[in-house]
Amino acid sequence: MSEEQTRLKQLAADAAVDEVRSGMVVGLGYGSTALLFVRSLAKKVAAGELQGITGVACALAMETEARSLGLNVSSLDQHPVMDLTVDGADEVDPALNLIKGGGGALLREKVVAQASRREIIIVDESKLSEHLGDKWALPVEVVPFALRPVSEYVTSLGAEVKLRLLEDGKPLVTDQGNWIIDCNFGPMADPGTVARSLEGRAGLVEHGLFLGLASEVIVAASDGVRRIPRP
Ligand SMILES: O=C[C@H](O)[C@H](O)[C@H](O)COP(=O)(O)O
């Protein structure tokens with residue numbers, strides 16, 4: 001990641017921190033941009049500018065990180081509704097539909113997004129696409145037992161499917177103990193049709209299409225930060 005990209009992500013993260021108010025339950029997304037948000041949030045809490053913040057993390061790694069920064073982190077069992085969640089995205093289309101899951105956290109991220117009153121997505125301008133799939137293969141979480149049939153099913157829908165592997169050649173294991181297949185559908189004319197075709201298939205746990213879930217996207221570009229509300 002270039003220094004400029006980190007600078008832009010930080011600008012978007014700081015704009016999202018400005019939306020947090022004392023006493024809020026805040027969903028903490030996952031990924032490099034969400035991490036910048038969590039760090040900025042923790043600084044404000046440590047400085048006493050925000051009080052009574054409770055975080056609910058979308059990934060075990062983020063939970064550990066947030067705790068190490070001094071944030072109070074709770075669970076969905078204790079706090080089933082978030083006032084606000086701030087998360088990153090891999091691709092954002094003009095209707096604010098998203099591809100997420102580049103870090104493998106899509107399932108928990110979607111659970112938390114659906115349980116949030118507001119979902120703010122923070123990105124640098126490189127994440128904007130005319131069509132989802134222009135730049136990114138769609139991550140899909142799959143039960144290891146079902147890898148082969150689910151992969152063949154998704155291939156039959158027209159995608160090129162690859163199991164996501166770590167550097168040691170072993171599959172990336174999600175926080176739920178599942179695997180991720182990256183499904184290259186190419187540019188999606190209708191993400192809703194793709195999403196529906198992936199739903200209700202046994203062993204296919206969840207996909208990274210977040211349709212109608214973002215309340216707002218904060219985009220940091222070289223000429224400044226802009227906010228795009230859901231149309
Ligand atoms: O699983 C990971 C998430 O969906 C991330 O929010 C997404 O991949 C964006 O990550 P980053 O902010 O590192 O580009």
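Reader: How many residues surround the ligand, and which are the closest?

Author: A residue counts as near a molecule if its C-beta atom, placed from the backbone, lies within 6 Å of it. Here 18 residues surround the ligand, and the closest are Gly31, Thr33, Gly88, Gly102 and Gly103. The largest share, 3 residues, comes from α2. Helices (H or I, at least four residues) and strands (E, at least two) are DSSP runs, numbered from the N terminus.

Author: Two points about the source. This is a predicted model, in which local features need pLDDT of at least 70 and side-chain atom pairs count only at pLDDT 80 or more, while totals for chains, interfaces and linings use all residues. Residues are numbered from 1 along each chain as its sequence is written.

Reader: What is the make-up of the shell around the ligand by class?

Author: Ala, Val, Leu, Ile, Met, Phe, Trp, Tyr, Cys and Pro count as nonpolar, Asp, Glu, Lys and Arg as charged, and the others, Gly among them, as polar. By that scheme the shell has 5 nonpolar, 9 polar and 4 charged residues.

Reader: In what order do the 7 strands of the open sheet stand?

Author: Two strands pair if DSSP finds at least two bridges between them. The order is β3-β2-β1-β4-β7-β13-β14, with mixed pairing. Since β3 (72-74) and β14 (224-229) each have a single partner strand, they stand at the edges, so one side of each is left without a neighbour in the sheet.

Reader: Which strands inside this sheet can I look at as pairs?

Author: Take β1 (residues 25-28) and β2 (residues 54-57), which run parallel and are joined by 4 bridges. Val25 stands opposite Thr54 in β2. Then take β4 (residues 84-87) and β7 (residues 119-124), paired in the parallel sense over 3 bridges. There Thr85 stands opposite Glu119.

Reader: Which way do the residues of β1 point?

Author: In a regular strand the side chains alternate between the two faces of the sheet. In β1, Val25 and Gly27 point one way, Val26 and Leu28 point the other way, and all are buried. Buried means that 20 or more other C-beta atoms lie within 10 Å of the residue's own; exposed means 12 or fewer, and partly exposed lies in between, with C-beta atoms placed from the backbone.

Reader: Why is Val17 called buried?

Author: Val17 is buried because 22 other C-beta atoms lie within 10 Å. Val17 lies in helix α1 (residues 3-17). Contact between two residues requires their C-beta atoms, placed from the backbone, to lie within 7 Å. Not counting residues up to four places away in sequence, Val17 touches Phe37, Ser40, Leu41 and Lys44. Val17 and Val38 are 21 residues apart in sequence, with their C-alpha atoms 8.5 Å apart in space.

Reader: What is the order of the open sheet of 3 strands?

Author: The order is β5-β6-β12, with antiparallel pairing. The edge strands β5 (91-92) and β12 (209-210) each pair on one side only. Strand β6 (residues 98-99) is joined to β12 by 2 bridges, and Ile99 stands opposite Leu209 in β12.

Reader: What does the domain assignment give?

Author: Domain bounds come from an automatic or database domain assignment. For this protein the assignment gives domain 1 (3-126 + 211-221) and domain 2 (138-203). Their C-alpha centres lie 24 Å apart. The contact takes 11 residues from domain 1 and 11 residues from domain 2.
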